[in-house]
Amino acid sequence: MALYVIGDTHLSLGSDKPMDVFGGGWEGYVEKLSAGFQAVEPQDTVVLCGDLSWGMSLEQARPDFAFLDALPGRKLLLKGNHDYWWTTASKMNAFFAENGFTTLHILHNNCYFYRETALCGTRGWFYEEEQSGHNEKVFRRELIRLEASLKAAGEHEKLCFLHYPPCYQGYTCPEILELMERYGVKACYYGHLHGGSHRLAFNGRRGGIEYRLVSADYLGFRPQIICE
Ligand SMILES: [Fe+2]
Ligand SMILES: [Fe+2]
């Protein structure tokens, strides 16, 4: 049994936005993901850190969910800024059940457990959101979601998964860092950064928390193992 993480699969099997056009690492990315998941066993858990599908609705994203569901392991899905198909947890869970996508689970206002470790998370907040007009209500809601997830973990050791990087070269989100530090989060994994932005990512220790970028193109489309 092992725990893995990867973000930003950006699948487009039911819509018309294949990432291959970006060339470089993205060429053949769906096949690379399939190959990258070969190390994962059915009893393993993989946290998917958002930007999962370009589908504009659950229906349009269905082939992407079918692809993810067919990959080995239990997958915990987090929302990214491009997951336009995201709706209420009850609608998503009902859709997964109707389609027999038994390995897909929504990480939203809740937490899951891997052995004794709690897996917490939410989409997070990034300076790009501020540039497009700081929306205090959306920001506060993200903090509430993160705290709800951390609270659900109780006294268990906590890992935190975000889509947006909470710290980045020249940027930090102090409210999110404070929450994670207050709840004793051990490590934080995030995605969202691609291509040239990789070099601006923060990978390392800060305030007692270990930070790691895990976007798919950064990882070479192979889920990163966290622990066994
Ligand atoms: Fe992304
Ligand atoms: Fe993103």
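Begin by selecting helix 5 and helix 6, which are roughly parallel to each other, a label that covers angles under 35 degrees. Helix 5 spans residues 136–152 and helix 6 spans residues 174–182, and the two pack at an angle of about 10 degrees with their axes 10 Å apart; axes here are lines fitted to C-alpha atoms, for helices over the stretch in contact, and angles run from 0 to 180 degrees between N-to-C directions. Show the side chains next, and you will find Leu143, Leu146, Glu147 and Leu150 of helix 5 meeting Glu175, Ile176 and Leu179 of helix 6, where contact means that C-beta atoms, placed from the backbone, lie within 7 Å.

What you are viewing is a predicted model, in which local features need pLDDT of at least 70 and side-chain atom pairs count only at pLDDT 80 or more, while totals for chains, interfaces and linings use all residues. Residues are numbered from 1 along each chain as its sequence is written, and chains are lettered from A and ligands numbered from 1 in the order in which they are written.

Zoom out to the whole protein chain, which has 6 helices and 13 strands, these being DSSP runs numbered from the N terminus, with helices (H or I) of at least four residues and strands (E) of at least two. The radius of gyration of the protein chain is 16 Å, close to the 17 Å that the globule rule gives for 228 residues, so the chain is as compact as a globular protein of that length; the radius is taken over C-alpha atoms, and the rule is 2.2 Å times the number of residues to the power 0.38.

Now select the open sheet of 6 strands, whose order is 5-6-7-10-12-11, with mixed pairing; two strands pair if DSSP finds at least two bridges between them. Strand 5 (112–114) and strand 11 stand at the edges with a single partner strand each, so one side of each is left without a neighbour in the sheet. Helix 5 packs on this sheet, touching strand 6 (117–122) and strand 7 (157–162), and the direction of helix 5 makes about 170 degrees with that of strand 6.

Strand 10 (residues 185–190) runs parallel to strand 12 and is joined to it by 4 bridges, with tyrosine 189 opposite arginine 212. Strand 11 (residues 204–206) runs antiparallel to strand 12, with 3 bridges between them, and arginine 205 has glutamate 210 as its bridge partner. These two strands form a hairpin with 2 residues between them, and glycine 207 in the turn has a positive phi of about 55 degrees.

Finish at phenylalanine 161, whose contacts, not counting residues up to four places away in sequence, include Val5, Val47, Leu119 and Tyr189.

How values were computed
Two residues are in contact if their C-beta atoms, placed from the backbone, lie within 7 Å. Angles under 35 degrees count as roughly parallel, over 145 as roughly antiparallel, 65 to 115 as roughly perpendicular and the rest as oblique.
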